[in-house]
Amino acid sequence: MHIKEKYPIEAETSIIVWEHFKQDAFATFTLSRIRLMRSTALNSFAMLIVCTYAVIKYHCGWKITMLTVVGFLTMAIASDLAHFNLLNNYYKKTMKLENSYLNKGDVKSSEKASSQS
């Protein structure tokens, strides 16, 4: 719920849809990648703070300080964007699968209704 509130993605789908398509491995793999990108973004930001503090404390110079800030900030932003992109694509694919599953269910129920009448 916290993740859904943070990102402007409207998840109108259920994870249960993956069971019907026998793609549990894909879902597990994609969710692992999403978690890795989220943790990389958080760890990069933490490393930005710690390394910048260490560089400033030990007076290594402004060039190395700026290199540290730019490097870890770039990594944090890139991994956050990758996390958002993976999450967005995952929900889009899940919604497509769910819609196709629901449409197949409608076709099967309409076929049953027409065969019974």
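Which residues make up the largest nonpolar core? The structure examined here is a predicted model, in which local features need pLDDT of at least 70 and side-chain atom pairs count only at pLDDT 80 or more, whereas totals for chains, interfaces and linings use all residues. Residues are numbered from 1 along each chain as its sequence is written, and side-chain values use heavy atoms, with hydrogens and water left out.

The chain contains four helices and zero strands, in the order α-α-α-α along the sequence. Helices (H or I, at least four residues) and strands (E, at least two) are DSSP runs, numbered from the N terminus. Of the 117 residues, 23% are buried, a term that denotes under 20% relative accessible area (1.4 Å probe, protein chains only). The chain exposes about 8,700 Å², of which carbon and sulfur atoms supply 65%; accessible areas come from the Shrake-Rupley method with a 1.4 Å probe.

The largest nonpolar core consists of six residues, namely Ala27, Ile34, Leu86, Leu87, Tyr90 and Tyr91. Helix H3 and helix H4 (62-116) each supply at least two residues of this core, and the largest share, four residues, comes from H4. A nonpolar core is a set of buried Ala, Val, Leu, Ile, Met, Phe, Trp, Tyr and Cys residues joined through side-chain atoms within 4.5 Å.

Threonine 30 lies in helix H3 (residues 24-57) and is buried, with a relative accessible area of 5%.

Definitions and conventions:
Buried < 20%, exposed > 50% of the residue type's maximum accessible area, 1.4 Å probe, protein only.
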